[in-house]
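Here is a short report for a reader who is new to this protein. Take a look at the sequence and the model before reading on.

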Amino acid sequence: MLGAFGRRMGAWIGGSLAAGGFDAALGHRRLRGFRPARAHVNALLQAAGPEMNARARWLVRNNGYAANALESWAANCVGDGVKPSARIADPAAKKRVQDLWLAWTDEADAEGLTDFYGLQRRVAREVFLAGEVFVRFRPRRAEDGLRVPLQLQMLPSEMLPIARNGRDANGNEIRQGIEFDAVGRRVAYHFLRRHPQEVSGFSAPAQGLPGETVRVPASEVLHVIDPVEAGQLRGVSKFAPAIVKLFLLDQYDDAELDRKKVAAMYALFVTSPAPENPLEPAEDDSFEVAPGQVVRLDPGEDVKVADPADSGGTYEAFQYRTLLQVSAALGIPYPFLTNDMVRGNFSNSRLALMEFRRRVQSWQHSVLVFLMCRPVWERWLDTAVLAGALDLPGYDRDPRPFRAADWLPTRWAWVDPLKDISAEIAEIEAGLKSRTQAVSERGYDVEQLDDEIAAERARAAAMGLDYRRPGSPAKGAETSDDDGLDPDRADERERAADRAGE
């Protein structure tokens with residue numbers, strides 16, 4: 001008896017708690033139509049990913065806001081390149097490594113269209129556009145004439161069929177084109193030999209038949225992806241939350257342009273009581289009006305002119321609010337999305353820029369550097385040493401000291417140069433920041449910078465030149481008077497002061 005009563009009380013209490021719990025989980029009137037899918041992101045991507053990516057690519061090709069957002073993201077994430085600074089202790093060995101790397105970057109692209117830093121930019125674009133991109137290592141022969149026999153090939157998301165699931169002949173599981181071993185490690189990727197939507201007439205026969213795949217070991221592939229959920233296998237386009245609004249806003253703009261075009265038409269219609277030459281009947285009952293056109297009508301005919309309603313002052317406000325939503329969805333500041341630099345004051349723009357830069361820095365470190373730059377650097381060093389292009393004693397025993405490197409992104413442009421530089425100098429002098437850190441934040445290697453400064457000053461001294469302004473810290477103790485001028489010209493300064501007093 002007590003047990004049944006306890007169960008009833010428990011059910012009543014549970015029901016009461018559920019009824020008065022989170023509004024977000026209730027089914028009342030406001031949320032009646034809110035039925036989100038409960039499937040995992042991988043299932044959702046397999047069903048919707050290809051169509052979503054196709055729409056995102058269409059928008060970038062045809063919508064100015066989408067194209068501008070993509071280019072803004074790539075330019076801010078990569079700039080002229082995220083570059084390595086080796087931590088090798090031996091200065092001579094470090095210089096050999098850096099010089100060879102710089103020479104190899106021009107040969108890095110297997111397609112020969114850009115250099116390594118151009119590949120970084122293309123990777124940033126693809127990850128923003130399709131949520132992922134693949135980079136394949138392509139070892140080369142010695143007779144190919146490369147400084148280091150290694151190149152990189154970019155493969156778009158569509159080259160890995162998301163619907164490829166099942167078991168391989170070796171017993172491994174294949175999920176969305178990725179092969180996993182018994183403990184869940186990625187061991188291979190099953191790429192299509194040709195793009196699924198490529199016209200067969202433009203493909204070489206060596207690329208294989210449509211739908212044919214090739215197994216590539218995971219050690220030869222970099223999967224650059226920025227996952228948004230745990231367990232996610234494939235990428236999600238950054239355009240996903242903005243596609244609908246961008247497309248509908250495009251349609252709204254087109255309709256508004258057509259309305260303005262019709263409203264701007266001005267034509268004259270002439271009716272005669274007894275025309276000498278009646279109009280010949282047209283093949284259809286419609287005709288197109290052109291600006292400045294004069295049209296003669298038959299007796300009894302009349303023209304009704306459409307008077308489209310004006311959108312008034314709501315057009316710009318609606319555009320602005322919609323583009324703000326698109327800006328938030330893409331994570332791109334409104335001025336960068338629209339090139340509208342008029343709205344907002346300096347303080348607001350600075351806050352938005354700081355937030356955007358923090359997002360970019362996070363992406364650079366956790367995605368671009370971790371998933372692309374570091375693996376490429378390590379593979380390049382291995383290949384260079386094995387090919388005899390680099391002589392690094394001890395590398396075969398322990399390569400880790402040679403692989404350590406700092407990746408330096410392009411420095412940010414100063415928002416307020418004078419104030420920003422003054423603040424940075426104050427931080428260095430107060431011991432809150434090292435000069436090495438300050439130089440690294442500008443995208444330079446401090447040792448290389450010091451070598452350049454020393455060589456420049458030595459050359460200037462040999463030629464009797466000094467470009468350092470009087471009174472600057474760079475002058476050091478070379479001048480003894482307080483105003484930083486030559487002491488031998490004291491008489492001249494006194495006469496100038498007397499003239500100024502007169």
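**Overview**

The model is predicted. The protein has 502 residues, and 32% of them are buried. It contains 14 helices and 12 strands. Its accessible surface is about 31600 Å². Carbon and sulfur atoms hold 55% of that surface. Among contacts with a separation of 6 or more, 65% link residues 24 or more positions apart.

**Helix α7**

Helix α7 covers residues 314-330, 17 residues in total. At 1.5 Å a residue, the helix should span 24 Å. Its end C-alpha atoms are 24 Å apart, so expectation and model agree.

The buried residues of α7 are Gln319, Thr322, Leu323, Val326, Ser327 and Leu330. They cover an arc of only 150 degrees around the axis, and therefore lie on the same side of α7. The face turned away from this buried side carries Arg321 and Ala328, which are exposed.

What do the buried residues of α7 pack against? Their partners are α3, α5, α6 and α8. The table gives residue ranges for three of these helices.

| Helix packed against α7 | Residues |
|---|---|
| α3 | 64-78 |
| α5 | 116-130 |
| α8 | 334-338 |

Glycine 331 follows α7. Its phi is positive, near 75 degrees.

**A nonpolar surface patch**

Which helix gives the most to the patch? Helix α6, residues 243-264, does, with 3 residues.

Tryptophan 58 lies in helix α2, residues 41-62. The relative accessible area of tryptophan 58 is 39%.

**Glutamine 176**

Glutamine 176 sits in the loop between β5 (173-175) and β6 (178-180). Is glutamine 176 buried or exposed? Its relative accessibility is 3%, so it counts as buried.

Leaving out residues up to four places away in sequence, glutamine 176 touches Asn42, Gln46, Leu160, Pro161, Ile162, Arg164, Asn165, Leu233 and Arg234. Take arginine 234 from that list. In sequence, glutamine 176 and arginine 234 are 58 residues apart. In space, their C-alpha atoms are 7.8 Å apart.

Key:
Residues are numbered from 1 along each chain as its sequence is written. This is a predicted model: local features need pLDDT of at least 70, side-chain atom pairs count only at pLDDT 80 or more; totals for chains, interfaces and linings use all residues. Side-chain values use heavy atoms; hydrogens and water are left out. Helices (H or I, at least four residues) and strands (E, at least two) are DSSP runs, numbered from the N terminus. Buried means under 20% relative accessible area, exposed over 50%, partly exposed in between (1.4 Å probe, protein chains only). The expected span of a helix is 1.5 Å times one less than its number of residues. The arc is that of the directions from the helix axis to the C-beta atoms. Contact means heavy atoms within 4.5 Å. Accessible areas come from the Shrake-Rupley method with a 1.4 Å probe; for residues, only the protein chains shown count as cover.
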